[in-house]
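I opened the model to look up a few items and noted each as I went. The entries follow in that order.

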Amino acid sequence: MALDEVKEIVESGENYDTDKEFKYVGTRPDRPDGLDKVTGRAKYGADHYVANMLHAAVLRAPHAHARIVSIDTSKAEAADGVKAVVIGTDLPEGLTGGDLHLQENTLARDKVYYDGHAVAAVAATSALAAKDAVKLIEVEYELLPHVIDVDAAMAEGAPVIREGEQGPTVPEGMHPNVVNYIEFGHGDLDAGFDAADLVMENTYKTEATHQGYIEPHACVGQLGDDGKGEMWVCTQGQWFIRKMCAAVLGLEASNLRVTPSEIGGGFGGKTTIFSEAISLALSRKAGGRPVKLVMTRSEVLRATGPTASTSMDVKIGMKNDGTMTAGKVVFRMQGGAWPDMAPTGMALNCAFASYDLPAVYHEGYDVLANRPKAAAYRAPGSPMAAFAVESLVDEMTRKLGLDPIEVRIKNGAKEGTKSSYGPTYKKIGLLECLEAAKAHPNLAEKLGPNQGRGVAAGFWFNHGGETSVSMSLGNDGTVTVSAGTPDIGGSRASVALMVAETLGIPYDHVRVNIVETGALGFNEPSHGSRATFATGKAAVEACNQAIGEMCRRAAKRWGIDEDAVEWKDGAVHPAGPNAGEFPPMTIKKIGQTMGRSGGPISGHHETTAGGVGESFGAHVVDVEVDPETGKTTILRYLVVQDAGRAIHPSYVEGQYQGGAAQGIGWALNEEYVYDDMGRLQNPIFLDYRVPVASDLPMIDTVIIEVPNPGHPYGVRGVGETGITPPLPAIANAIADATGRRLRHLPMTPAKVLKAIKNG
Amino acid sequence: MKYHTPASFADAAAIAASASGVTRFLAGGTDVLVQMRSDIVMPDDLIDIKHIDGVKDITQNADGSWTLGVAVAGAEMSEHPTLGKDWPGLVEATDLIGSTQVQGRATLVGNLCNGSPAADSVPAQVAAGVTMTVTGPNGDRVAAVEDLPAGPGRLNLEKGEVISAVHIPARGDNAGDAYLRFIPRTEMDIAVVGCGISLRLDGDTITEARVSLGAVAPTVLLVEDCAKAIIGTTLDDAALDALAKAAEAACNPIDDKRGTIEFRTDVAGVLARRAAKIAYARAKGE
């Protein structure tokens, strides 16, 4: 590639030629972090130890809604080994908006808003001493009425959770717990419904679910009186930790250095802070001694980000031939006791994203309830929206005697479709996914008694976001990449493959490090399915910058024009016979001599990454329902999804399977169970039932590749779409098996059996 | 907390009898240690009975009956060459408790003494007619397993009493047992309903039966009416219907996070039918 071509690609940005053969992209080498992870050498959040470290324990409210009358910490402060105690009023005053909400959730100040809300914390010389001291803190509460369910929270007479939080768009007369209202759409809705042969509407509900990452939140925080601090933490985004902790504690962001550990799952739940600022506040009070804070599983389930619970109305018009003429949704979502935590807007945007509809209308209500402050969870809002819309599409398809895949192909969004949420799609791969699903051998399997098949489509936008990447050449010609997005899904391997491809050097000559906040400019977390897309794109551009420098140095050495030097197969070459006769100089040779040719060679790129490509998918699930117990067994599960380009196909397949597995849990068993007092009854994996390995068949995957022209290798991002179709696909399969339509998740054996018995 | 390692059950009973605070016996520890770590209980006296002679022994007696030490782990029962041939239902029920790791420690006696009405091995023990030797300050007594649970987390044991041996009856001829439980997942879960059945045949006709239900009442139940419903029958459809009805009638469950009253009652009947068919087939040697 000649230098001017490199330049052109850097500048044009959005129209990469991805239609070529690759040497490394698309292969399946071992992941660079694999050996450490399978041998236990990898360091996760709780594995970090620092000399002189203290241990923290947190006191959590046992009430869903209560005013804090008083907190007496004197006995805890006097206990053996205790070095610091903090409560909400120790944190700085005067915060507003989202920063205030983060601070309130970190440590309650006036009120506790949910069972498990932190009210005080202790740092002591041992974890046991801290745990014992917490029990000595005396809190007097004035109990307030509470509300858990989203519909109940909007109803007249519901307890008011917060005053004065209602946004300006909320229709007059609505309950103060309704804090935001969104509406949008396009086309003539009435004409659309008039044109239909069949118009149906139904209401659907989903329960809150937790991301269920294996690794509980853990950190070590250190903060001195000078306001300078460090944190080692399990997170999806070290700069978000820095920004949020700095805001909650009134620090200067640059004075806080945050180093991410390896991460045992996040799924969006580790893109914010929960207790991290507590460890820093305790450290400051304890004279700057580092404080380790590790949550228990019970704390994770009681007090960290679940997703929203929802109540959703859907109305769709369809002609006898399956043509969809109009769609309308009204979504009510609660994301805990703080505004803007429920992903209402994103759910609305996703609702009809898979369809080419002449008329769509969306309404959404953001509602407060006495539940934990919701966090992002894999394709926030999209799985619930898909449950409602794809369930109703299936009902109508069955009623009209049509094939569910054909109806989706007939109405499917494609290049040029004006999306339900506004923009016009560029190249997308929904129809390719549906066609591949139709052709898959799973669909030829005959179903037996009590068995059923369900189909659903799903969608996620994907995300670019603020990204900064550096690479540098070693003196042996190997390359180090500094990336800011923690590796939750194999992104080190994917980035290394793209760097190897770009430079033309072997995969194992590239090492990708996930670095701390001082080493790069601001990076958004590994969220929005962006790590391989955005970090990969920036890494490629950083390499191109270094290639440019290497070409310039060769041109200087050879005494020819820069334009007459090209980079290929890991070496500089004269661009053609006219450029002169020079032996190619390999990257190894360049590395060995760079001290003499002008100094270290590195490349750097920062961007708010554009060129994002949407990812669509189609799932087909076969289930068997025990008619006597209502228990659903997943017999076969097929995920077909457009990856744009699978850089490392194994990790793409892993993302597809993981999304399906989490969706299966959400569909069948996972829910937050509350008692009459609003206390969570199942904050333990025994009773918060994520699927176990033996619950799942091998999940079949098909990778569709409709390259994204906005990425040098065509990447779209694959992490999130996979969780969007399972909820409706399984509901549709259960309906096929039993003749009963379940519209309220989870579809537990008790609910399915009741539906079977009641006809 | 004081940690004791008595050399005999008499000593263990004496320590427990003279203790003034919270006392726990420790064998496998799969309940006690977990409860300590989750702040549910912190004993003042923790009495480790694993150091007493014979607590890891599995012995078949001359009359065909079995004596098990109180610290025999589930995995040791599952891997025993002949115990599971006599009592497959009991061994399978024990094997359902916890994970592979837990199976290396968990014991029948611990499962009973934890006092959960949902304990998997207990309905199987009751169906099998298992009895326990209870050692107390005043000597030994023998108690049937069904008489030991008093309610969730409570047992009919006096202060200072400790279970010191497990007795499983001789299996004899033409007999079989089975245990089934319902869980929403496939493993690593707590029974929403459990049912243990042991029966004996003369030809095709059931002559003896014991039927037990778990997780449908404050304690595991031995349900006489279920046994009556199938004794004297060849387990035909009428007998299975009567069995299911009797099982449903015996249920006195609660609504909780794990299941509803309606669901537990329905599924008790379903499991009774299914377990009876397995036990019957085993008795026939099928």
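How many residues does the contact take from chain B and from chain A? I found 15 residues from chain B and 18 residues from chain A, where two residues are in contact if their C-beta atoms, placed from the backbone, lie within 7 Å. On the side of chain B that touches chain A, helix H11 (residues 261–283) of chain B gives the largest share, 4 residues. I took helices (H or I, at least four residues) and strands (E, at least two) as DSSP runs, numbered from the N terminus. By class, that side of chain B has 7 nonpolar, 3 polar and 5 charged residues. Here Ala, Val, Leu, Ile, Met, Phe, Trp, Tyr, Cys and Pro count as nonpolar, Asp, Glu, Lys and Arg as charged, and the others, Gly among them, as polar.

A note on the source: this is a predicted model, in which local features need pLDDT of at least 70 and side-chain atom pairs count only at pLDDT 80 or more, while totals for chains, interfaces and linings use all residues. Residues are numbered from 1 along each chain as its sequence is written, and chains are lettered from A and ligands numbered from 1 in the order in which they are written.

Next I looked at a helix pair in chain A. Helix H8 (residues 238–249) of chain A and helix H9 (residues 276–285) of chain A have axes 9 Å apart and pack at an angle of about 55 degrees; axes are lines fitted to C-alpha atoms, for helices over the stretch in contact, and angles run from 0 to 180 degrees between N-to-C directions. H8(A) and H9(A) are therefore oblique to each other (under 35 degrees is roughly parallel, over 145 roughly antiparallel, 65 to 115 roughly perpendicular, the rest oblique). H8(A) contributes Ile241(A), Cys245(A), Val248(A) and Leu249(A) to the contact, and H9(A) contributes Glu276(A), Ala277(A), Leu280(A) and Ala281(A). By class, this contact of H8(A) with H9(A) has 7 nonpolar, no polar and 1 charged residues.

I then checked helix H16 (residues 531–558) of chain A. Of the 28 residues of H16(A), 22 are buried (buried: 20 or more other C-beta atoms within 10 Å of its own; exposed: 12 or fewer; partly exposed in between; C-beta atoms are placed from the backbone). Gly559(A), with a positive phi near 70 degrees, follows H16(A).

In H19(A), 13 of the 13 residues are buried, so H19(A) is largely enclosed by the rest of the structure. Gly739(A) follows H19(A), and its phi is positive, near 75 degrees.

Last, I looked up Lys270(A), in the loop between strand S11 (256–260) and H9 of chain A. Lys270(A) counts as buried because it has 33 C-beta neighbours inside 10 Å.
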